[in-house]
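The following paragraphs are intended to be read alongside the sequence and the coordinates.

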Number of protein chains: 2
Amino acid sequence: MKHLAQVSVVGDGSSPFVDNYLLYLLAAASHSLSAKFHTLVKQQGISVNEWRVLACLADRPGLMLTELADFVLFEQSHLSKVIDRMVAQGLVERARADDDRRKVLIQISQTGRDVVRPLIGAAESHETASAQCLSKTELIALKRTLNKLIGYNG
Amino acid sequence: MKHLAQVSVVGDGSSPFVDNYLLYLLAAASHSLSAKFHTLVKQQGISVNEWRVLACLADRPGLMLTELADFVLFEQSHLSKVIDRMVAQGLVERARADDDRRKVLIQISQTGRDVVRPLIGAAESHETASAQCLSKTELIALKRTLNKLIGYNG
DNA sequence: TGATATTATATTCCATTTCATATATTTAGA
DNA sequence: TCTAAATATATGAAATGGAATATAATATCA
């Protein structure tokens, strides 16, 4: 992505709006950092959506579908279809909750774990490489700030 | 979006991966900050894509299609279709460049300007509200850091 | 100049995603 | 308990998005 200009950091209401617009900067940063890693993921034969689901499930096996959807930032109906495909591939399994038979709990399979483990390693390397332009302090501050924003705008 | 846990800021390789993964935090922040504003945009009868195009064009009228696509983070073929719809709505116009008749320059129309102006105001208010949880210093540092990342991973 | 390569955009085909709604289960209240 | 409301997920139709490719214009170079 070509970022066409670096402009003032504090908005004064006059000059270009988008360049200093927080939502744009977040989207652009997310987009440009993702590009290379997503290419790598696809080369492993799994889609970006599948990677996201697997990475979340590696941390939190057995989330119900709606919780997982919130976590991976998908629409519920969308996740339901993504899970269809992943079940077909043997990456995850659906299970009904005992206490509430409406709930579908998503379990990562052994295959899923085998697929995701090396990708998590690759993601960590990629993060390190992508953030080479930041000091360790800056990176920590960035993450702290992003967490604040996420919590505040939940 | 429900952020399920706040975990350590520095990755130690053991505990949950995703919660401290930069790409996830960027995507999650982008997602949760966008939600309310995107609802507002749609209530004005324009799509999020149209808003993005108009906001960029307000700053940079007359970009060629590919440049605009890079800027708004769309695929070229996708933007071509979005522009079709926007031309039909009278929001923008296509013009061939004199110096190179392959190039299509996208011009924002007066209607487009009228539509986007109040939305830019709304976007500014929304940004201020969303970032209430940050100090002014933190917000400036965040934007500076995001710009660094965008530049480094261009 | 003529042939070839490159660049910019549009189009086609197909997968993905969303919106609205249906189905199933549970909860709350009369 | 019975009924209505609420919740969780799935499904179908329609819109959107992306990869590959077609078309058109320009650039390169023998």
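In this predicted model, Met64(A) stands opposite Leu105(A), a residue of E3(A). The pairing to which these strands belong, that of E1(A) with strand E3 (residues 104-108) of chain A, is antiparallel and comprises 2 bridges. E3(A) also pairs with E2(A), again in the antiparallel sense, over 5 bridges. Within E3(A), Ile106(A) is the residue opposite Arg94(A). Together the 3 strands of chain A make an open antiparallel sheet with the order E1-E3-E2. Its edges are formed by strand E1 (63-64) and strand E2 (92-96) of chain A, each of which pairs on one side only. Strands of a sheet pair through backbone hydrogen bonds, in either a parallel or an antiparallel arrangement.

Chain B likewise contains an open sheet of 3 strands in the order E1-E3-E2, with antiparallel pairing. Why is one side of strand E1 (63-64) and of strand E2 (92-96) of chain B left without a neighbour in the sheet? Both strands stand at the edges and have a single partner strand each, so one side of each remains without a neighbour. E2(B) pairs with strand E3 (residues 104-108) of chain B in the antiparallel sense, over 5 bridges. Val92(B) has Ile108(B) of E3(B) as its bridge partner. Helix H4 (residues 76-88) of chain B packs on this sheet and touches E2 and E3 of chain B. The direction of this helix makes about 115° with that of E2(B).

The relation between the two protein chains can be considered next. Chain A superposes on chain B through a rotation of 180° with 0.0 Å of shift along its axis, at an RMSD of 0.1 Å. The two copies are thus related as by a two-fold rotation axis. The same surface serves both copies, since 100% of the contact residues of chain A recur in chain B.

The contact itself takes 55 residues from chain A and 55 residues from chain B. On the side of chain A that touches chain B, helix H1 (22-43), helix H2 (48-59), H3, helix H5 (110-130) and H6 of chain A each supply at least two residues. Which of the elements gives the most to this side of chain A? H6(A) does, with 14 residues. By class, the residues on this side of chain A divide into 34 nonpolar, 13 polar and 8 charged.

Two helix pairs illustrate the contact in detail. Two packed helices are described by the angle between their axes and the distance between the axes. The axes of helix H6 (residues 136-152) of chain A and helix H6 (residues 136-152) of chain B come within 10 Å and cross at roughly 115°. This crossing of H6(A) and H6(B) is left-handed. Glu138(A), Ala141(A), Leu142(A) and Thr145(A) of H6(A) meet Glu138(B), Ala141(B), Leu142(B) and Thr145(B) of H6(B). The contact of H6(A) with H6(B) holds 4 nonpolar, 2 polar and 2 charged residues.

H6(B) also packs with H1(A), at an angle of about 35° and with the axes 9 Å apart. The crossing of H1(A) and H6(B) is left-handed. From H1(A), the residues in this contact are Leu22(A), Leu25(A), Leu26(A), Ala28(A), Ala29(A), Ser32(A) and Leu33(A), which meet Lys143(B), Leu146(B), Asn147(B), Leu149(B) and Ile150(B) of H6(B). By class, the contact of H1(A) with H6(B) has 9 nonpolar, 2 polar and 1 charged residues.

DNA strand C is surrounded by 22 residues, the closest being His78(A), Arg101(A), Thr66(B), Ser77(B) and Ser80(B). H4 of chain A, together with helix H3 (65-72) and H4 of chain B, each supply at least two residues of the surface near DNA strand C. This surface has 5 nonpolar, 8 polar and 9 charged residues.

Around DNA strand D there are 21 residues, of which Leu65(A), Thr66(A), Ser77(A), Ser80(A) and Arg101(B) come nearest. Helix H3 (65-72) and helix H4 (76-88) of chain A, together with H4 of chain B, are the elements that give two or more residues to the surface near DNA strand D. H4(A) provides the largest share of that surface, 4 residues. By class, the surface near DNA strand D divides into 5 nonpolar, 8 polar and 8 charged residues.

Terms used
Residues numbered from 1 in each chain as written. Chains lettered and ligands numbered in written order. Predicted model: local features only at pLDDT ≥ 70, side-chain atom pairs only at ≥ 80, totals over all residues. Pairing = 2+ DSSP bridges. Contact = placed C-beta atoms within 7 Å. Axes fitted to C-alpha atoms, helices over the stretch in contact; angles between N-to-C directions. Left-handed = near helix turned anticlockwise from the far one by under 90°. Nonpolar A, V, L, I, M, F, W, Y, C, P; charged D, E, K, R; others polar. Near = placed C-beta within 6 Å. Least-squares fit on C-alpha atoms with pLDDT ≥ 70 in both.
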